[in-house]
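Please walk through this protein model with the sequence and coordinates open. The text below takes up the strands, the core, the ligand shell and the confidence of the model.

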Amino acid sequence: MINQFGTIFFCPSGLAASKFVLGAARLSVLRLECLVDFALRDFQSVDFETLWRIDQKCFPPGIAYTKAELKAYVSAARVFTVVAEGGPGGAGIADSGRESVTILGFIIAQANRRGIGHIITIDVLPEGRRSGIGSSLLGAAEQRLRNLHCDRIYLETAVDNMAAQKFYERHGYAVTKTIPGYYSNGVDAFVLMKDL
Ligand SMILES: CC(C)(COP(=O)(O)OP(=O)(O)OC[C@H]1O[C@@H](n2cnc3c(N)ncnc32)[C@H](O)[C@@H]1OP(=O)(O)O)[C@@H](O)C(=O)NCCC(=O)NCCS
């Protein structure tokens, strides 16, 4: 849907997609149909602090990135980062310098020189989950990697992260191997792959 600022907002409910053109009195009713509004856009450097705070909420100590690690990933060659921005007044972490901007999640991906894509991380805040944000971020990254001539994509996820495994299975990823002790807390990782 297009909001009053001209941004495309995604919403799982077709009914709720009309809420911005309806009267204010109906907004609260229609919000029940669409719990989270969001729009995808490219990362901007001013988002960095917010993304780091989101990562701290999404992963346990030892797996969550330090600021230096996250900075290195978003700045690396052939890397792109897509952000899911919350609707006006919606859920998400507010940017301290831009009170009207809230971010619900993000994905960082890289296209290597051999035509293989890598999902470095995907993070959706707990309050935004099961609303299609992760799927939209993953779909956007897959499409961008296809455009960059990648024909495969892979990623690592912790063997005890059942939500992520269900999520990736739903999107056609299959486990190819296990890397013992991959994470700094000693947890093993599955490597998952998908043809694009
Ligand atoms: C994994 C993650 C990115 C999914 O994001 P999301 O926005 O909740 O995903 P979606 O709403 O698009 O979910 C799509 C489907 O994935 C599956 N799924 C997602 N979370 C699930 C869960 N907790 N349990 C079971 N299935 C789940 C479901 O099939 C879901 O469809 P449904 O809601 O219609 O049943 C999110 O849970 C997250 O950020 N987790 C913390 C960080 C992380 O583990 N990242 C991945 C490892 S790198």
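Tyr-154 has Met-193 of β8 as its bridge partner. The two strands concerned, β6 (residues 152-158) and β8 (residues 189-195), pair in the antiparallel sense over 7 bridges; strands count as paired if DSSP finds at least two bridges between them. Strand β8 is also joined to β7 (residues 174-179), with 5 bridges and an antiparallel run. Opposite Phe-190 in β8 stands Thr-178.

This is a predicted model, in which local features need pLDDT of at least 70, side-chain atom pairs count only at pLDDT 80 or more, and totals for chains, interfaces and linings use all residues. Residue numbers start from 1 along each chain as its sequence is written.

The protein contains 5 helices and 8 strands, taken as DSSP runs numbered from the N terminus (helices H or I, at least four residues; strands E, at least two). Their order from the N terminus is α-β-α-α-β-β-β-β-α-β-α-β-β. Among contacts between residues at least 6 apart in sequence, 59% join residues at least 24 apart; a contact requires C-beta atoms, placed from the backbone, within 7 Å.

Of the 196 residues, 30% count as buried, that is, 20 or more other C-beta atoms lie within 10 Å of their own, with C-beta atoms placed from the backbone (12 or fewer is exposed, in between is partly exposed). The largest nonpolar core has 34 residues. Such a core is a set of buried Ala, Val, Leu, Ile, Met, Phe, Trp, Tyr and Cys residues joined through C-beta atoms within 7 Å. Those with the most contacts inside it are Ala-84, Leu-104, Phe-106, Ile-107, Leu-137 and Ala-141. Strand β4 (residues 98-111) gives the largest share of this core, 7 residues.

The ligand has 20 residues around it, of which Arg-129, Gly-134, Ser-135, Ala-163 and Lys-166 come nearest; a residue is near if its C-beta atom, placed from the backbone, lies within 6 Å of the molecule. Two or more residues of this shell come from each of β5 (116-124), α4 (133-147) and α5 (162-170). The largest share, 5 residues, is from α5.

The average pLDDT, the predictor's confidence in each residue from 0 to 100, is 83, and 76% of the residues score at least 70. Residues 1-9 stay under 50, and the model has 15 contacts for them beyond four places in sequence. Over residues 11-34 the pLDDT is below 50 too, with 21 contacts beyond near neighbours in sequence.

Notes. Contact = placed C-beta atoms within 7 Å.
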